[in-house]
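Hi,

Here is the structure I promised to pass on to you. Have a look at it first, and my notes follow below.

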Amino acid sequence: MTATRQVHNLILLDESGSMQSISNAIIQGFNEVVQTIKGVAEKYPEQEHRVSFISFNGLGQTVHHFLEPIEKLEEINAENYNPNSMTPLYDAIGFSVEKIRQALQSEKEYNVLVTIMTDGAENASKEYTSTAIKQLVEELEQVGWTFTYIGTDHDVVYSAEKISIRNTMSFVRNKEGIKDMFSKERDARERYSDSLRMGMKMASFYEEQRDEIENDQGNNKPIVQNLTYDSSLEEVEASLKGTIKQMELNGETQELKFEKLLKEGRVKLLKGKVKQAYRIFHQCMLDPTSTNSLDIGELYFWSTRCQEELGNKNKALRDYLLLLEKEQATRNNQDLINAILDRLIEYGDISKLVEDFKKRNRR
C-alpha cells in the first residue's frame, strides 16, 4: 500500500544530570518504544512514519535522528545517552520544533507527534521563554501537531499547562513506574495512528488522562487548562488538588512541596485571607531550596501582592519595580512581566517614581 500521509515522530528526551539515577531504566524503556514505533509503521502502511530524536541538557541539544525513515531509528545505550548538567526544556522544545517546522514548509499532508520526557521542570533556558513556547504550541496544534508531556518528580500538569500542553502523563521514579509509563506510551502511539486512519481526533492521548477527564466531567468539575496570574479561586483550587495528587503519586519532592505552598498561598489570597497568604509565601522564601525553583519570581510577585493588599503600597511598588527589572533582564517569564505591568497600572501615573527608581539603581 502506498503511504498517503507522513507522520513525524519527534521525541525529546531529557539528558540532564538528575536522569542519571534512572538512566538504565530509561534506556531499556526507550528501546522498547523504538520497537513499538517500528511496529506501528508496519501496522499502518498508509502512514509514512519518520522519526526525529533529540536529547537535551545544559550542554546543548544532541540530534540523534532528524526526519529519518523509521527503519533507521536505533536503540540508545550508556555511550550515547549520558545524563549531565541542567534542564533547558524551553530551548530544547523551541530548537527542535522550529527545526522540523522549517524543514516541512513545502509539505502538505502530514502530522507531527511531539513527545517530551523529563524528570524536572525548566531551569536553564536562554533562548526561549514559557510564553514563546506556549504561543508556538498553540499555533501548531491548529495545523496537525500533537504535543505530549511525560514527567516525574515535579508538578507535571502545572509545568505542561504553562506551555499549553494538555496531554500529560506522570510516572513514579522507580523501575516499575518507568516500565508502566513506557507501556502506556506505547499503547497511546497505537491509538494515535488508529485515530489518523479513521480521520478522528483523539479526545485525550493517555488512558489515565481520559479517565480523569471523564470523572471530572461526570462530577461537573471544571477542567483547568492554563493557570494564569488572574486565574479564579476555583481554578487555583483545582490545580492545587492536582499538585497534591502528584505528591501522592511521586512522593514529596522539594519542587512539588514548593508548588503546593505557592498554590495554597494563592488560594488564601483569593479568599481574602491576606495575612495567612503572606505567611505562606514568606515561609517559601525562608526555604533555601526555593531559590532553585523555576517559580521564584512568581513567589515574589504574590508576596508583593499581599503587601499591596495589606496597605503597604510604597513597599509593594518598590518590590514590583525591582522584580520587573530582574525579569526584563532575563526575559524568562513574559507572563510574569505582564502581570507586574498590570499591577503597576493600578498606581496611576508613576513615571516620576520609576525615574527615581532607575536613578537609584544606577548608582
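I'll start at the surface: Glu 346 is exposed, with a relative accessible area of 56%. Please keep in mind throughout that this is a predicted model. Glu 346 sits in the loop between helix H12 (334–345) and helix H13 (351–362), and together with Asp 230, Glu 234, Glu 235 and Asp 342 it forms a negative surface patch.

Helix H12 also holds Leu 341, which is partly exposed at 35% relative accessible area. Its C-alpha atom lies 8.6 Å from that of Tyr 320, 21 residues away along the chain.

Now to the inside. Nonpolar side chains tend to be buried together in soluble globular proteins. Here the largest nonpolar core has 32 residues, and Leu 13, Ile 26, Phe 30, Ile 178 and Phe 182 have the most contacts inside it. At least two core residues come from each of strand S1 (5–14), helix H1 (23–43), strand S2 (47–57), strand S4 (110–118) and helix H5 (175–198). H1 gives the largest share, with eight residues.

Lys 184 is partly exposed at 30%, and Asp 180 is partly exposed at 38%.

Lys 260 and Glu 264 form a salt bridge at 2.7 Å, N to O. These two are separated by about one helical turn because they are four residues apart in helix H8.

A salt bridge of another kind joins Lys 271 and Glu 237 at 3.5 Å, N to O. This pair links distant parts of the chain, 34 residues apart: Lys 271 is in the loop between helix H8 (254–270) and helix H9 (274–286), and Glu 237 is in helix H7 (233–250). There is also a salt-bridge network linking Arg 305, Glu 308, Glu 309 and Arg 343.

Finally, some backbone angles to check. Most residues other than glycine have a negative phi. Leu 67, in strand S3 (60–69), has a positive phi near 50 degrees and is buried at 18% relative accessibility. Ser 164 has a positive phi of about 65 degrees. Ser 164 belongs to the loop between helix H4 (156–161) and strand S6 (167–170), and counts as buried at 0% relative accessibility.

Best wishes

Note on methods. Residues are numbered from 1 along each chain as its sequence is written. This is a predicted model: local features need pLDDT of at least 70, side-chain atom pairs count only at pLDDT 80 or more; totals for chains, interfaces and linings use all residues. Side-chain values use heavy atoms; hydrogens and water are left out. Patches are made of residues with over 30% relative accessible area and no salt bridge: like charges are joined within 9 Å, nonpolar side chains (Val, Leu, Ile, Met, Phe, Trp, Tyr) within 5 Å. Accessible areas come from the Shrake-Rupley method with a 1.4 Å probe; for residues, only the protein chains shown count as cover. A salt bridge is a side-chain nitrogen of Lys or Arg within 4 Å of a carboxyl oxygen of Asp or Glu. Lys and Arg count as positive and Asp and Glu as negative; His and the chain ends are not counted. The place of a charge is taken as NZ of Lys, CZ of Arg, CG of Asp or CD of Glu. Buried means under 20% relative accessible area, exposed over 50%, partly exposed in between (1.4 Å probe, protein chains only). A nonpolar core is a set of buried Ala, Val, Leu, Ile, Met, Phe, Trp, Tyr and Cys residues joined through side-chain atoms within 4.5 Å.
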